[in-house]
Amino acid sequence: MSKYTAFVLRIYVGCFFLYASMSKIPYPAQFAEATANYRLVPYWFLNLGAVILPWVEFVCGLFLIIGFMSRASAILIGFMIILFNVMVLINMYWGAPITCGCYDTVGEPIGWKKITENLIMLIFIVQIYYFDRLFIFRRGGLEDPARSRVTPPAASR
Amino acid sequence: MVSPSAAMEEIQHDETLILDAMPTNFYQQRHIGGAVNIPLGLFDIVYLMTFAEEDKERKIVVYGETISKSYDLEVANKLLLRGYKNVRILEGD
């Protein structure tokens, strides 16, 4: 896996989560309803989570796009994907007639398609975590660490 | 609050109206026999269409609670606010 592919995946995953968050941030009540349908999130966290989680998605997506703390963002997104997949699997086991609530208030029904999509996204996240080395945002602007690596001066005798 | 056994007895004597407060998709999947669905999200519409003429003195038992939301409690409160006096919540899940 090249650093260029990891860069493309980083931009893709970043845009994906930015889009997903922007459909939830303006409608926290609807997102809370969709989350309540999973019957796994305790009531005391439901509203708080419905406000916080879309912003976590937004910040992680933005950080992935600009390349700032991209590995930390990848870990957070990966954790959210795993958590979501577990929730979907439990509800599939229960036979719950619910929609995923991923991008809009209606959403598509949960099922193996959704699980597969999330697993593919998880593979992308792993690639980003291990191979993302290109255009990483640091102090002073964007840089390619491979190019800007400075050879340490030889020790003088 | 009313226990399931007491509610069952009242249902058999046809004294009590059983309301399922869960969203419609859950009601369609599973519900107590004879229960009427009045989902919290659509309460105002369903109430106007179905319950507006209901006797305010009639015994009503509401159920539908999950770890995430007390649908039953919220629907019961709405009914109490509309003047129903004998509204109770079914114990347990």
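**Terms and values**

Mentor: Start with A:Arg39, which is found in the loop between H2 and H3 of chain A. Helices (H or I, at least four residues) and strands (E, at least two) are DSSP runs, numbered from the N terminus. This is a predicted model: local features need pLDDT of at least 70, side-chain atom pairs count only at pLDDT 80 or more, and totals for chains, interfaces and linings use all residues. Residues are numbered from 1 along each chain as its sequence is written, chains are lettered from A and ligands numbered from 1 in the order in which they are written, and side-chain values use heavy atoms, leaving out hydrogens and water.

Trainee: What makes A:Arg39 worth a mention?
Mentor: Its phi is positive, about 55°, although A:Arg39 is not a glycine. Most residues other than glycine have a negative phi. A:Met69 also has a positive phi, near 50°. A:Met69 sits in the loop between H3 and helix H4 (70–94) of chain A.

Trainee: Why is the pair A:Glu57 and A:Lys24 called a salt bridge?
Mentor: A salt bridge needs a side-chain nitrogen of Lys or Arg within 4 Å of a carboxyl oxygen of Asp or Glu. In this pair the closest N and O atoms are 3.0 Å apart, so the pair meets the definition.

Trainee: What does the pair tie together?
Mentor: A:Glu57 lies in helix H3 of chain A and A:Lys24 in the loop between helix H1 (3–22) and H2, so parts 33 residues apart in sequence are tied together. Over all chains, the structure holds 10 salt bridges.

Trainee: Which salt bridge joins chain A and chain B?
Mentor: A:Glu33 pairs with B:Lys69, and their closest N and O atoms are 2.2 Å apart.

Trainee: How many residues does each chain give to the contact?
Mentor: Chain A gives 14 and chain B gives 10. Contact means heavy atoms within 4.5 Å.

Trainee: How do H2(A) and H3(A) cross?
Mentor: Their axes come within 9 Å and cross at roughly 115°. Axes are lines fitted to C-alpha atoms, for helices over the stretch in contact, and angles run from 0 to 180 degrees between N-to-C directions.

Trainee: Which residues of H2(A) meet H3(A)?
Mentor: Among them are A:Pro28, A:Phe31 and A:Ala32, and the H3(A) side includes A:Leu46 and A:Val51.
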